[in-house]
Amino acid sequence: MNTDPIADYLTRVRNAIKANHRVVEIPASNLKKEITKVLFDKGYIANYKFEDNGPQGIIKVALKYHPVTKIPAIRTLTRVSKPGLRKYAGTTNMPRVLNGLGIAILSTSKGVMTDKEARVKNVGGEVLCYIY
């Protein structure tokens with residue numbers, strides 16, 4: 001039993017990057033699918049595919065590396081809100097990651113989005129993770 005599936009998602013991606021893997025497979029959930037879509041839209045991963053085999057399904061994430069230097073697009077993945085201590089941000093105290101160079105992924109009432117999109121839509125929510 002996994003008590004924190006988002007931390008497991010981030011750890012699988014982090015470990016795959018450290019091992020220079022091209023593709024990582026992650027057990028699917030709706031929240032993980034939305035996080036994957038945000039990562040793809042912001043250019044942190046090369047591609048993704050949702051497979052519905054078995055009761056849960058699998059997310060296949062193709063990781064993105066620089067073609068010459070082989071440096072990964074994702075340098076750091078940090079879990080912010082944990083099951084033991086949830087972290088919320090309102091519209092006035094929205095976090096900025098690396099002064100705007102990174103992204104914070106939030107779960108809001110309007111769906112999963114980045115901190116910049118949440119500022120534009122004027123919504124707050126739970127800060128899931130920081131990525132840069």
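Visitor: In which sense do strand β2 (residues 45-51) and strand β3 (residues 58-63) pair?

Guide: This is a predicted model, in which local features need pLDDT of at least 70 and side-chain atom pairs 80 or more, while totals for chains, interfaces and linings use all residues. Residues are numbered from 1 along each chain as its sequence is written, and side-chain values use heavy atoms, leaving out hydrogens and water. Strands are DSSP runs of E of at least two residues, helices runs of H or I of at least four, both numbered from the N terminus, and two strands pair if DSSP finds at least two bridges between them. For β2 and β3 there are 6 bridges, and the sense is antiparallel.

Visitor: Which residue of β3 is the bridge partner of Tyr48?

Guide: Tyr48 is partly exposed, at 25% relative accessibility (buried is under 20%, exposed over 50%, partly exposed in between, with a 1.4 Å probe and protein chains only). Its bridge partner in β3 is Val61.

Visitor: What kind of aromatic pair do Phe40 and Tyr48 form?

Guide: Rings of Phe, Tyr and Trp (its six-membered ring) pair if their centres lie within 6.5 Å; planes under 30 degrees apart count as stacked, over 60 as edge-to-face and the rest as tilted. The whole structure has 2 aromatic pairs. In Phe40 and Tyr48 the centres are 5.3 Å apart and the planes at 75°, so the pair is edge-to-face.

Visitor: Which residue lies over the face of Phe50?

Guide: Tyr48 and Phe50 form a tilted pair, 5.1 Å centre to centre with 40° between the planes. A charge sits over a ring if NZ of Lys or CZ of Arg is within 6 Å of the ring centre and within 35 degrees of the ring normal. At 5.3 Å from the ring centre of Phe50, the residue is Lys33.
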